[in-house]
Amino acid sequence: MVICSLVRIDPRVVQMAQIFSGAANTIARFTLWGFAAAVGLAMWAGAMIVRSPYETRQEEPREQPVPFSHEHHVGGLGIDCRYCHTTVETSSFANLPATKICMNCHSQMWAASPALEPVRESYRTGRSIAWTRVYDLPDFVYFNHSVHVNKGIGCSECHGRVDKMPLTWQAVSLEMQWCLDCHRHPEERVRPQSEVFNMAYVHPRNQAALGRRLVHEYGIQSLTSCSNCHR
Amino acid sequence: MSAPANFVPVSALRPAPEAADRRYWRTLEEYEGRAPGGDEPRQAIDEPPPSEESRRKFLSLMAASFGLSGLTGCTRQPTEFIVPYVDPPEQVIPGRPQFFATAIPLNGLAQGVLVESHLGRPTKVEGNPDHPASLGATDVTSQASLMDLYDPDRAREITLHGDPRSWEAFLRALLVALEPVRARKGEGLRILTETVTSPSLGDRIQAVLAALPSARWHQWGPAGCHSARSGSVLAFGRPVNTYYRLDNADVIVALDSDFLCCGPASTRYARDYSTRRRRGGRVDMNRLYAIESAMTATGGKADHRLPVRYAEVETFAVELAQAVAGQSVAGSHFGQWTSAVARDLLAHSGSCAVIPGEHQSPAVHALAHQINAALGAVGQTVVYTEPLEVRAEDQMASLTDLVRDLDAGTVEVLLILGGNPVYNAPADLDFAHKLPRTAFSAHVALHADETSAQCQWHLPESHFLEDWGDARAFDGTVSIIQPLILPLYESHSYLRILDAILTLPGRSAYEIVREYWTKQKHGADFETWWRKSLHDGFMEASALADIRPALKAANAPSLPPPSSPGALEVVFRPDPYIFDGRFANNIWLEELPRPMTKLTWDNAVMISPATAKRLGIEAQELVELRRGGRSVRGSTWIQPGHPDGSITVHLGFGRTRSGRAGNGAGFSAYLIRTVDALWSAYDLEIHKTGDSYPLASTQMQQWVEGHHPIISGNLDEYRANPNFVKESQETPPRELTIYPHWDYSGYAWGMSIDLTACVNCGACVAACQAENNIAVVGKEQILARRGMHWLRIDTYYQGGDVNPSAYYQPVPCMQCENAPCEYVCPVHATAHSADGLNDMTYNRCVGTRYCSNNCPYKVRRFNFFLFQDWVTDTLKLQRNPDVSVRSRGVMEKCTYCVQRIREAEIHARVDDRFVRDGEIQTACMQACPTQAIVFGDINNLSNRVAQLKSEKLNYALLAELNTRPRTTYLAELRNPNPELGEVSHARG
């Protein structure tokens, strides 16, 4: 339809009229290739959107029932990750602190703060606080914290500088490609076990050599079989 | 649709037929050469092509859905929440399951189990390795008992005539009704229970009877050990409990007993039997004779099997008793059978056992006691103890008394604690019409069933995973029944209701059970003992002591009057899975293929091929069974190996108020079961109705087309040539494959399945279903060959259709190293793992089904519809959180329980060690009573699985295809008696 409307009919041609001018070829080519390009562009745009932080919710600080600040508790007070995330070394799930763990301190400190009312209410009533999940893997992905933490993968490798987050956000994209980057080359990300819970750890210049040594020492394998994560 | 000119029929591709006597077959059609390999190919060709209209519509819908499917990628992740504990309980680590020991009571008898709990949700039942009835394995009903807990059709509230009431209202009404009864010292109060072995429940009932001495307690279990009880009274003058130590038995004679698959001790018997069978590196085997009135899994497994009519079993027992006593049995009804079996038994005096079937006549039980005593088996292979029941009584007489008093109007208050007598009492008692004649009646049960409908009050019963109790196992060992979850609904235990009669202050079931045991166990260390008993799942040294009851002066056994050969015999048996009907609404059990018939969702009128021909009855024809004015209609199943002139029907089906799954499934054989014919009758008339009724059997499904899946031989053959298995195998060169070479240097997971040990009980299939969140599809879909069980047990017959021997082969995914399914997947949804598993990534699957098409073993299952229930809350509670719940359009299959492998690998890695042998148990391996399935790392030669694979009996299924499967089989060995030689396949 686009083609037809663009065709100019020369009034001087009376017999054996050329319906299409010479330009029609170009237009047709342009249209066909343009259509293909538009489809390709749309697919590319779709792929970009799916991978964009809008979709993955990367770097989006998430509202919580209590405005809990890792920046204050970790960065400021220096509380160890494992004080609250109690099962991170023993289980697939790192665990969120039970209300009782909050109340260990907050029965004394900021005991009357209005911001902490949901915590006190939970403790009073026995009803749990429903925290918004920040790192939410799809249900068909089976991630295990304990093996990563025990094999020299630091918290900040995936969770970023939590000690600088007033409200927690997802620091990385959590796409499968991102998982595989590390699973294919664990030597690039591994650190000494003593540094796993160090938020400020920076990989040294000799990471290539150190990484190879640690991979060997910890018996780290490059696990890329589907069933390592999908069951 | 006509076939093209160059069409090659599938049958032409099949190898040449084998010699007739060694041929394996699955169906009668195949045996008779009518439609080899089931009717699968024929059905596909006969199906009419879809009309043009629907094809066009299909294409346009596909185009639209393809276009729209891209849009689903544009949804943002929904916000989810984490809800931590307020005050975390001790020892709970989120993400890691806990295990608690408890016991499952079935018909009063306990099976010790460990139950897996994820954050307070029981998700899986496993065997308790220390419990004598389990030894780490489970039976089918234990595995499926979870589905009873989460059954959405369970009764949820106390009702009076169907209207909801409170517990307090019930208590008030009960006390008002009891007032006049109390004044008469309990006269008019009746309590009806099932068989009670629970010490604390027995104590509570006795307490009621002590307070109200004129009250009466009745027991009724429709499929209980009536004959065993009466049989021991015949033999010893009093009721005695009998069990067997088959690990000491070299020769076993089953007199119509399916001891390997059915009964409360079958798990233990199967283990002991198979241990003895594989003794000494397979140079020495036990021998099993089965004389039976139906084709059972035990009979199919036997080295010699003799199909006889129910009544003839007694004749055989009489003859055997005579022969064992040294009398001549010339002119025996069973040819050389009696003398050959007797000679074999006598040669193994003290290490042999004769096991009578629970549904055989009391006389057969008495004769078995006599034979066992004559053979010196008592104390060796046959053990007697005091009865397990709190009160061993003739339950038929007990129920008859109750009905007589109901009739006379002398029953004022009737409490029915469990059971379903309206459905399962003998038809001539007419219990349903007599029950409403009481002034006050209450029924306590899991479901508001047929009996509840006839009672005024209905109280939901607590499932054994919801409340405390105790029970005895087959040898008397007591287990505390420990709950894992608070009652899901407003349910109560029997103990509390009995306390209410005594107007005791409201104690919990826990307090009642604990208080009872406090009184039994004096001493300061009660707490230690109690905690240990709870932890272990049973009380130490609580098995009943062996006794040696004296045989009454043995009357000279006389032959029972031979039944008239023309009359048709009917035999009633409990269903192997739904038992007496109590599990009728358990969808896992309904859909689990029955051991020999592979029937699902129905029972059938079992009939032999010859009798069917004589009566002119076709398979799956609706017939009417009539007995003295009573009748029921059922569909026929022609069963190879069934004795002629006899019909077997299974009890438990035809429920009307069991719930959505059980209602209308099958027919109720109780309708023609009467007081004088509890197990068999000889006055059956069978009438054709002209209708047919399809039965959903999986026997013809997932057919490994035209190959030789079973390899078997006799012990003597094996001794003469141990390489006979290898010689019959064709193994192509390793490099003959399009796959690149892969070096399995780390773990290499593999499985070995011993066909000699498999007894076709189905526990592995049930365990697999529970572990892997496998959906139930329903009868229609089974008929359409869309069953979802990842693991199937193929049943093959060999020999004639009169008395074939049977072979069982569990078939999970073979995890081929050269997997044919992998290279046809267009999206890499199925791919190989580094340790040799054939991974299936559900979220990647687009449902082309190419993989299933290319699988020579037919082990892949496709979700044609949304088979999973994504809506019902209670079913969500059951699911294993470590396994994805699959949706519509996704292929699924066995992956050796990869969630368990990866979990164990992670634990080993964290501890800096290798996975130990036996640390990973697949669900099927764990459940298997005979330890036929062994899983492990085949690269490590110290592992059991690697050793089994190096045995000479090891062979791969369809090895000629060079798929290099990781699952391999050990060929079946049988140990026939040379004296009976040829008789094993045909009636002598």
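User: How many residues of chain A are in contact with chain B?

Analyst: Two residues are in contact if their C-beta atoms, placed from the backbone, lie within 7 Å. By that criterion, 40 residues of chain A touch 38 residues of chain B. This is a predicted model, in which local features need pLDDT of at least 70 and side-chain atom pairs count only at pLDDT 80 or more, while totals for chains, interfaces and linings use all residues. Residues are numbered from 1 along each chain as its sequence is written, and chains are lettered from A and ligands numbered from 1 in the order in which they are written.

User: Which elements of chain A supply at least two residues each of the side that touches chain B?

Analyst: Helices (H or I, at least four residues) and strands (E, at least two) are DSSP runs, numbered from the N terminus. Here the contributors are α2 (23–51), α6 (99–106), α7 (117–125), β1 (131–132) and α8 of chain A. The residues on that side comprise 13 nonpolar, 19 polar and 8 charged; Ala, Val, Leu, Ile, Met, Phe, Trp, Tyr, Cys and Pro count as nonpolar, Asp, Glu, Lys and Arg as charged, and the others, Gly among them, as polar.

User: What does β1(A) pair with in chain B?

Analyst: Strands of a sheet pair through backbone hydrogen bonds, either parallel or antiparallel. Two strands pair if DSSP finds at least two bridges between them. β1(A) and strand β2 (residues 81–82) of chain B run antiparallel, joined by 2 bridges. Opposite Trp131(A) stands Ile82(B).

User: Where in chain A is confidence lowest, and where highest?

Analyst: pLDDT is the predictor's confidence in each residue, from 0 to 100. Where pLDDT is low, the predicted coordinates should not be read in detail. Chain A averages 90, and 93% of its residues score at least 70. The lowest mean, 49, belongs to helix α1 (residues 2–6) of chain A, and the highest, 95, to helix α8 (residues 145–150) of chain A.

User: Are the faces of strand β18 (residues 457–460) of chain B covered or uncovered?

Analyst: A residue is buried if 20 or more other C-beta atoms lie within 10 Å of its own, exposed if 12 or fewer, and partly exposed in between; C-beta atoms are placed from the backbone. Both faces of β18(B) are covered, with Trp457(B) and Leu459(B) buried on one side and His458(B) and Pro460(B) buried on the other.
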